[in-house]
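Please look over the sequence and the model shown here before reading on.

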Amino acid sequence: MDRIRARFQLYRPGFTLDVDLDLPGRGLTALFGHSGSGKTTVLRCMAGLERAPGGRLMVRGQTWQNSTHWLPTHQRPIGYVFQEASLFAHLSVMGNLRYGLKRNREAPRIRLEQAITLLGIEPLLERKPDRLSGGERQRVSMARALAVSPSLLLMDEPLAALDLARKQEILPYLERLRDELDLPIIYVSHAADEVARLADHLVVLEQGGVIASGPLADTLSRLDLPIHLGEDAGTVLQATVSELDPQWHLMRVDFDGGHLWTRDHGLPLGQRVRVRVLARDVSLAEHPGTSSIQNLLRGQIDALAADDHPGLTLVRVRVGTATLLARLTQRAVATLQVKPGREFWVQVKSVALLP
Amino acid sequence: MLTDSDLQALGLTLRLASIVTLILLVIGTPIAWWLARTHSRWKGPVGAVVALPLVLPPSVLGFYLLLAMGPNGPVGQLTQSMGMGLLPFTFWGLVVASVFYSMPFMVQPLQTAFESVGDRPLEVAATLRASPIDAFFSVAVPMSLPGFLTASILTFTHTVGEFGVVLMIGGNLPGVTRVASVQIYDHVEALEYLQAHRLSAVLLLFSFIVLLVLYAWRPTPRRSV
């Protein structure tokens with residue numbers, strides 16, 4: 001009963017949506033897809049902003065929509081963060097926060113002060129929205145969505161309208177939301193790096209249909225999907241900071257299957273981190289040799305699949321219990337005789353830390 | 001200076017314009033809201049009917065209203081059966097006629113203001129637990145305040161200035177239907193040019209000042225950011 005079940009069908013000129021989702025009732029679920037994939041429409045159906053006749057939606061045992069019953073948006077216990085902050089310009093920041101708070105009839109599970117602290121907006125409370133930066137506005141709109149104590153938080157590309165610096169400013173707050181509140185989050189995005197960093201569960205949508213849904217690491221390493229991720233194909237490892245090398249400013253992270261060296265990010269020993277390894281940064285070698293690439297792992301080829309370019313192949317490699325993807329040329333595959341079952345040295349050129 | 005009957009005509013004019021503005025705020029707002037938000041195929045026809053007084057000669061509008069409110073017209077029969085008598089040549093007949101005549105001046109600025117609010121703020125309000133009516137009063141109205149101001153001022157001044165419809169429906173009864181514009185006409189007919197000058201100057205000044213205030217102090221429309 002602790003899950004989110006959603007079934008929506010919409011038929012519009014030039015667009016058909018047909019999804020049947022069974023999502024975990026906790027953690028952050030990312031709806032990933034290109035524009036036109038229907039991800040925002042799914043989110044709007046969940047919020048009741050879009051009406052999908054005949055759809056069904058059950059959230060943690062409560063029916064929000066079925067064939068006979070349809071809760072209007074204002075009666076659904078949701079929080080919704082739009083792509084643009086959409087603050088009410090006629091109200092101050094505090095007025096915006098209180099707008100939903102004083103209309104909420106549910107038991108307040110998140111206190112207003114908690115929402116304010118969580119998003120670090122104490123200094124902004126008296127200001128008018130037009131006196132805020134883009135990043136500040138989006139933080140206020142997140143606090144506003146939390147202040148109604150939602151039992152489901154829906155976020156529609158909350159970072160897409162922001163530049164890179166503002167994005168970096170907000171990401172840590174999103175992680176705090178995910179980690180500190182017992183609140184399921186559905187997060188719509190077309191940015192693979194955001195998804196890799198934030199998601200626990202990943203749903204990939206294409207042309208109004210679901211082509212994959214599962215835990216992040218499993219979904220990312222599926223070979224039939226990276227094609228849709230293009231240059232962003234890669235996997236995510238759960239790792240722990242285990243050694244610091246002050247002489248070379250490096251740090252070691254351990255995962256199930258080996259360890260990787262990366263730049264020292266100033267993290268304490270024992271810190272859990274997500275490490276993202278892109279397929280284009282992974283290569284294979286028959287013999288370990290002298291190389292500028294210092295991360296060398298022993299792995300076994302699991303499967304091969306065609307990439308979106310005819311000259312390239314995606315190779316899935318098992319390293320311990322972890323999975324890596326490598327993007328190789330067809331010629332390299334032929335020369336090295338890369339095929340399932342064979343063992344190779346796996347060289348990892350660079351990794352991205354998702355703290 | 002102004003004579004007693006001039007003052008009486010001015011007082012009547014202000015009373016008429018105030019009442020008409022208030023009535024149109026009440027009935028024009030939902031019409032404007034509907035026109036701004038609907039996708040119905042009736043949007044075009046209704047919008048055209050509301051805008052008719054902009055292009056119709058006031059005497060044509062007054063003529064039809066006179067027929068409708070007269071003893072054989074549908075409105076006239078209704079008011080008679082309700083024991084209210086007949087509306088033509090009464091103050092309230094003037095009010096009803098003016099409501100029709102000034103309708104577009106209330107509805108059109110409001111419709112524009114509501115359209116510029118857009119869907120998003122109302123969707124945001126809904127996700128923050130506001131019912132549609134609640135969202136209308138707590139979001140759409142505050143965001144459209146400049147539109148309300150413009151619409152009210154235009155309606156008021158336009159009602160002050162009406163002449164043709166008044167003559168058709170109200171006639172020229174001192175203290176009942178003789179408004180300032182009719183009074184000026186009377187003065188001119190009687191060759192009382194000095195009196196006509198004074199009253200005209202009052203209306204000219206009034207209209208200019210109102211419009212000056214409207215155009216000089218115009219709050220920027222509020223948008224959600």
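What distance separates the centres of domain 1 of chain A and domain 2 of chain A, taken over C-alpha atoms? The two centres are 33 Å apart. This is a predicted model, in which local features need pLDDT of at least 70 and side-chain atom pairs count only at pLDDT 80 or more, while totals for chains, interfaces and linings use all residues. Residues are numbered from 1 along each chain as its sequence is written, and chains are lettered from A and ligands numbered from 1 in the order in which they are written.

**Domains of chain A**

The domain assignment, whose bounds come from an automatic or database source, gives domain 1 as residues 3-220 and domain 2 as residues 234-354 of chain A. Five residues of domain 1 and six residues of domain 2 take part in the contact between them, where two residues are in contact if their C-beta atoms, placed from the backbone, lie within 7 Å. On the domain 1 side, helix H6 (192-198) and helix H7 (216-220) of chain A each supply at least two residues, and H7(A) gives the most, with three residues. Helices (H or I, at least four residues) and strands (E, at least two) are DSSP runs, numbered from the N terminus. The residues on this side of domain 1 divide into four nonpolar, no polar and one charged, with Ala, Val, Leu, Ile, Met, Phe, Trp, Tyr, Cys and Pro counted as nonpolar, Asp, Glu, Lys and Arg as charged, and the others, Gly among them, as polar.

**Strand pairing in chain A**

Two strands pair if DSSP finds at least two bridges between them, and strand E19 (residues 343-348) of chain A takes part in the pairings below.

| Strand of chain A | Sense and bridges to E19(A) |
|---|---|
| E15 (residues 282-285) | antiparallel, four bridges |
| E16 (residues 295-306) | antiparallel, six bridges |

Within E19(A), A:Trp345 is the bridge partner of A:Ala285, and A:Val348 is the bridge partner of A:Asn295.

**Chain B**

Chain B holds eleven helices and zero strands, and its C-alpha atoms fill a box of roughly 65 × 45 × 30 Å along the principal axes. Of its 225 residues, 38% count as buried, that is, with 20 or more other C-beta atoms within 10 Å of their own, whereas 12 or fewer make a residue exposed and values in between partly exposed, the C-beta atoms being placed from the backbone.

B:Ala68 lies in helix H3 (residues 58-69) of chain B, and B:Ala68 is partly exposed because 19 other C-beta atoms lie within 10 Å. Not counting residues up to four places away in sequence, B:Ala68 touches B:Gly73, B:Pro74, B:Val75 and B:Gly76.
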